[in-house]
Amino acid sequence: MKTTISNWGNYPVVKAEYDSIQHIFRFLKESSFSFIVRGLGRSYGDSSLSDYIFDGTKWNRFLSFDKKTGILYCEAGVSIHEILEVFVPRGWFVPVTPGTKFVTIGGAISSDVHGKNHHKEGSFCKHVLSIEVLLSNGKIIECSPKKNVDLFRYICGGMGLLGVLLRAKIQLKKIESAYITQTTYKAKNLTEMIQLFEAHKNATYTVAWMDCLAEGEHLGRGILFTGEHTTKEDLQKFNFSKDPFYVKKKIKINIPFYFPGFVLNSFTVRLFNFLFYHKHFRKQITQLVDYDRFFYPLDSIYHWNRIYGKRGFIQYQFVLPKENGLEGIKEIIHEISKHKMGSFLVVFKVFGDPNRIPQKSSKKIISFPFSFPIEGYTLALDFAIEKRLPEFLKKLDQIVESYKGKLYLAKDARMPKEFFYKTYPIKEFLKIKKMYDAKNRLLSLQAERLGLSV
Ligand SMILES: Cc1cc2nc3c(=O)[nH]c(=O)nc-3n(C[C@H](O)[C@H](O)[C@H](O)COP(=O)(O)OP(=O)(O)OC[C@H]3O[C@@H](n4cnc5c(N)ncnc54)[C@H](O)[C@@H]3O)c2cc1C
């Protein structure tokens, strides 16, 4: 029986067979249909949608943990939320986390997700030691920076198109408490924002909210958040005397229905932006916050994606190389402001170098061609689906292309194929696809749309 299903942007919505991952071995043997594996559906568009979907979250066991080294061996359906629940009280944290903890390890590897520490610690796959993959011919192989290296390079960021991820070994990081020392800084425009990022480039975590409707001398104004894992010693400075790993459970808010379309418009966004910016009335504030509040403020509102209405929304995330990327950011903000296409959630971040792993044996450096982050500026913007959106996004595409940038596949639901071909190394990817999945058994709607089949 078909199920109606969509990912986080509620666009597109499809009817698909939705099967448990436990049936995958028989399916591979007895049928010739294409399929895709879905994690927790926190990608925004169609990367984990197809006519036949396997729910990867049922394989979610912890297999081993070495408390001396911090190496976790687990199934790919384990979520970051499950890891934190078990390991934060034991003094360990995930090496990289996106802005929601409801993503699986399979999803985190397939999108090579980035976090607020990209400039210091790279993206997720830099901390993945090995992956076990079920290929479409039914064989299970291991890939890592040392073994089946090309498969590893393209699985990281390869959107689940080369094999079913079964298990992985991940390096966790040691923490002394469940708390983050957070400092917020107010920037009155883009120049000040960049100066702040530069001044705090040694902070472990940095991210900014930006008011995308502010123009003129206020263009690019916003709030920079920096954070450090709080040490036991630092907890004392905040007069914190409880268990350092104790985090109070919070009451969650639920958005029970889809908001009507008129609720979100440039006026309400402008008002929200004004209030959010001026809520931070001091230029700089330092606070002790638990990890949930620092990393996952949106997870405390169930179904917040419903505020964009039934038609859903697109998250448009691009990155522009550092050289002249700031000019591009300005052009894009002008375009948004000119068309009154305000976005509630505007996240700005300065990325560091893309992941590169030196190989000791051959002195080669392993790179990850499908991974999204490159050194430069990234902006993530949410736009409700409406009539004028396709044309508007085409304009943004042109600006991104002219600055030699690219879009993030995990957020994509509409990128034109020609644009994709200009910005990602498709030929190389298809070579690897031919080696490991020549019959295109693993195929998402996104892969079909973007021509990622052989
Ligand atoms: C509120 C919010 C904030 C976010 N913030 C960030 C952020 O800061 N940084 C960032 O990088 N991303 C961010 N994201 C995006 C999210 O981290 C990625 O889309 C992630 O891949 C979602 O994982 P998932 O488990 O939900 O996978 P899904 O969305 O279900 O699938 C994503 C991809 O992974 C593949 N996949 C999943 N499991 C397997 C498996 N076992 N085997 C093979 N392929 C598999 C799917 O086929 C698909 O291609 C955010 C998303 C939301 C909703």
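User: Domain bounds come from an automatic or database domain assignment; what distance separates the centres of domain 1 and domain 2, taken over C-alpha atoms?
Analyst: This is a predicted model, in which local features need pLDDT of at least 70 and side-chain atom pairs count only at pLDDT 80 or more, while totals for chains, interfaces and linings use all residues. Residues are numbered from 1 along each chain as its sequence is written. The protein chain is divided into domain 1 (57-175) and domain 2 (179-412). Taken over C-alpha atoms, the separation of the two centres is 23 Å.

User: Which helices each supply at least two residues of the side of domain 1 that touches domain 2?
Analyst: Two residues are in contact if their C-beta atoms, placed from the backbone, lie within 7 Å, and the contact takes 28 residues from domain 1 and 30 residues from domain 2. Helices (H or I, at least four residues) and strands (E, at least two) are DSSP runs, numbered from the N terminus. The helices in question are helix 4 (118-121) and helix 5 (149-155).

User: Which residue in strand 10 stands opposite Glu 75?
Analyst: Two strands pair if DSSP finds at least two bridges between them; strand 6 (residues 71-75) and strand 10 (residues 164-171) do this in the antiparallel sense, over five bridges. Strand 10 is also joined to strand 8 (residues 128-134) by six bridges, again antiparallel, with Leu 134 opposite Val 164. The residue of strand 10 that faces Glu 75 is Arg 167.

User: Why do the buried residues of helix 2 lie on the same side of that helix?
Analyst: In helix 2 (residues 80-87), the residues Ile 80, Ile 83 and Leu 84 are buried, each having 20 or more other C-beta atoms, placed from the backbone, within 10 Å of its own. They lie on the same side of helix 2 because the directions from the helix axis to their C-beta atoms cover an arc of only 95°.

User: What do the buried residues of helix 2 pack against?
Analyst: The buried residues in question are Ile 80, Ile 83 and Leu 84. Their packing partners are strand 6 and helix 3 (105-110).

User: Which element gives the largest share of the shell around the ligand?
Analyst: The ligand is surrounded by 34 residues, counted when the C-beta atom, placed from the backbone, lies within 6 Å of the ligand, and the closest are Gly 39, Pro 98, Gly 106, Gly 107 and Gly 160. Two or more residues of this shell come from each of strand 3 (36-38), helix 3 and strand 10. The largest share, four residues, comes from helix 3.

Technical notes: Domains from an automatic or database assignment. Buried ≥ 20, exposed ≤ 12 C-beta atoms within 10 Å, placed from the backbone.
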